[in-house]
Amino acid sequence: MHHMDSPVETLPDDPAALQEIIASLQARHERQTSILLEQIRHLRQLLFGRRSERLPADSTSVQLLLFDLPEPEHIEPAKVAVGSHDRKKPGRKALPPELPRVEIIHDLPEADKVCGCGCTLSRIGEEVSEQLDIIPARIQVLRHIRPKYACRQCEGVEDEGPTVRILPMPPQIIPQSIVSPGLLAHVLTAKFVDHLPLYRQEKIFARLGVEISRATMSNWAMRAAEACVPLLNLIHDEILAARLINIDETTTQVLAEPGRPATATSYMWLFRRGDPDRPALLYQYHPTRAGDVARTFLGDYQGIVQTDGFSGYDFLDHQAGVRHAGCLAHVRRKFMEVIKAQGKNRTSGSADQALATIQQLYALENEARVKRWSPETISTMRAEKARPILEAFHQWLRKRYAQTPPKGLLGKAIGYALNQWERLLVYLEDPIVTPDNNMAENGIRPFVLGRKNWLFSGTPKGAEASAMLYSLIETAKANNCEPYSYLRHIFEHLPRAHTLADYEALLPWNVDRLKIMLRYAEAVD
């Protein structure tokens with residue numbers, strides 16, 4: 001047979017052969033057109049489409065299951081027994097019991113406490129209803145007054161001045177500054193938790209009658225980060241001592257970066273302690289996405305490292321003592337891209353089947369999470385239920401890959417899953433590992449939200465300080481510490497910390513989170 005792209009003079013004279021060449025050209029053209037249209041729909045979806053990865057509502061009506069395996073047990077919502085029947089738990093969620101209470105008594109007048117028969121009414125109980133109140137920001141000045149003492153008898157002694165004694169100023173988080181621990185905690189919480197840029201905070205302070213420039217607040221943030229280095233070093237050690245480390249990264253922009261244009265892309269990396277006890281997060285700023293960042297951080301770490309499919313993590317597949325776990329959520333995302341690119345008039349196909357299988361795996365994990373299964377029970381479930389699903393899924397992927405154009409979105413999704421396959425199976429080996437890297441992605445999300453509000457850091461030092469403060473705040477949140485009260489607590493105690501025990505006592509999992517929260521709530525009241 002002549003090649004389809006042969007010059008006209010080399011084409012055969014036989015009509016049947018010419019028809020075969022035309023049919024082949026038409027088929028190739030249709031395949032290329034289909035791939036191009038799919039790419040256009042995919043790009044339009046990225047630009048204008050919804051970000052949710054939830055399947056369309058009508059997809060549940062299609063039979064999608066690939067393999068004849070039993071469905072996971074359905075989990076009913078919590079119910080409350082009432083008499084002889086059940087009903088869903090009613091009413092709004094109760095207000096947190098740890099919040100301070102102010103009692104307001106609405107009692108009857110004394111004249112109304114007498115019955116019509118003349119007897120005094122007896123108190124038989126009370127009705128209690130609660131409202132949530134808030135006290136607006138209140139600025140005050142802390143005056144540190146240190147009395148001075150001198151000896152009158154020594155005043156006249158030759159060559160000697162009066163003996164003066166005064167208590168030294170208590171050590172401060174930022175010496176010789178007007179900022180108190182409470183104000184510093186407030187500014188940093190507003191910026192790094194509530195994503196309120198410093199220029200907006202400057203306007204808010206002006207409304208309250210105080211001039212605090214954004215440059216001043218930025219300087220406070222960098223000096224606070226520097227003071228917290230001992231705590232960050234301990235958090236770093238805790239992460240490297242874990243059985244599991246999750247890693248992720250996201251882009252950022254730094255304007256005044258030496259040797260690089262202002263529009264150059266830099267990266268904020270996240271290293272997360274994956275063990276459920278003492279969760280810890282450490283952010284690091286780097287002007288690159290190279291794998292050397294992760295390699296340098298891990299050093300000779302021995303354990304499980306979970307990442308997405310970025311090629312900069314490939315070295316983990318060959319590092320002694322490391323098991324490299326993959327991310328099932330990224331595999332799911334690739335198949336979701338196929339469905340989104342198909343548009344409204346699509347029909348269910350291979351991508352739907354793949355998603356249904358992945359959903360089976362997540363349903364098993366959700367049941368284990370909701371029912372709080374023990375690690376041993378999770379390991380048994382994964383061996384008996386998840387592994388057979390994965391093995392059948394792998395066979396299906398290999399078969400479909402041979403039948404699918406590799407340049408199309410479906411071909412790319414299947415190829416990605418097969419390329420990541422050995423990493424995807426690692427979660428079966430240890431119940432502490434989840435099927436995906438969502439813990440790290442969730443940890444990087446607060447930074448992404450903040451980045452959308454202020455878009456860039458002014459200098460590399462500013463980006464590094466942001467990373468350090470994010471590390472403290474997100475580690476506190478992961479350990480159920482309220483960020484403001486935790487920051488205020490450590491800013492009060494760090495200046496007086498000198499020993500390793502002093503610093504360890506300030507780590508989020510070692511502080512009494514309820515005690516410090518109540519203490520500062522009462523101080524505001």
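The exercises below concern a predicted model, in which local features need pLDDT of at least 70 and side-chain atom pairs count only at pLDDT 80 or more, while totals for chains, interfaces and linings use all residues. Residues are numbered from 1 along each chain as its sequence is written, and side-chain values use heavy atoms, with hydrogens and water left out.

**Exercise 1. Classify the packing of helix 2 and helix 3, and describe their contact.**

Step 1. Helices (H or I, at least four residues) and strands (E, at least two) are DSSP runs, numbered from the N terminus; helix 2 covers residues 181–192.

Step 2. With axes taken as lines fitted to C-alpha atoms, for helices over the stretch in contact, and angles running from 0 to 180 degrees between N-to-C directions, helix 2 and helix 3 pack at about 130° with their axes 10 Å apart. Helix 2 and helix 3 are therefore oblique to each other.

Step 3. Where contact means heavy atoms within 4.5 Å, L183, H186, V187, A190 and K191 of helix 2 meet L198, Q201 and F205 of helix 3. These residues divide into 5 nonpolar, 2 polar and 1 charged (Ala, Val, Leu, Ile, Met, Phe, Trp, Tyr, Cys and Pro count as nonpolar, Asp, Glu, Lys and Arg as charged, and the others, Gly among them, as polar).

**Exercise 2. Do the corresponding analysis for helix 3 and helix 4.**

Step 1. The axes of helix 3 (residues 198–207) and helix 4 (residues 214–227) come within 9 Å and cross at roughly 120°, which makes helix 3 oblique to helix 4.

Step 2. On the helix 3 side, L198, Y199, Q201, E202 and F205 take part, and they meet R214, M217 and S218 in helix 4. By class, this contact has 4 nonpolar, 2 polar and 2 charged residues.

**Exercise 3. Describe the aromatic pairs Y283 with Y470 and F310 with Y313.**

Step 1. Rings of Phe, Tyr and Trp (its six-membered ring) pair if their centres lie within 6.5 Å, and planes under 30 degrees apart count as stacked, over 60 as edge-to-face and the rest as tilted. By this rule the count comes to 8 aromatic pairs.

Step 2. Y283 and Y470 form a tilted pair, 5.7 Å centre to centre with 45° between the planes. This pair links distant parts of the chain, since Y283 lies in strand 7 (residues 281–286) and Y470 in helix 13 (residues 460–478), 187 residues apart. Both Y283 and Y470 are buried (buried means under 20% relative accessible area, exposed over 50%, partly exposed in between, with a 1.4 Å probe and protein chains only).

Step 3. F310 and Y313 pair edge-to-face, at 5.4 Å centre to centre and 90° between the planes. F310 is buried because its relative accessible area is 16%, and Y313 counts as buried at 0%. Ring pairs link W269, F271, F297, F310 and Y313 into a cluster.

**Exercise 4. Characterise the surroundings of V305.**

Step 1. V305 lies in strand 8 (residues 303–306) and is buried, with a relative accessible area of 0%.

Step 2. Not counting residues up to four places away in sequence, V305 touches I245, I247, L298, L316, V322, R323, H324 and A325. The C-alpha atoms of V305 and V426, 121 residues apart along the chain, are separated by 10.0 Å.

Conventions
Angles under 35 degrees count as roughly parallel, over 145 as roughly antiparallel, 65 to 115 as roughly perpendicular and the rest as oblique.
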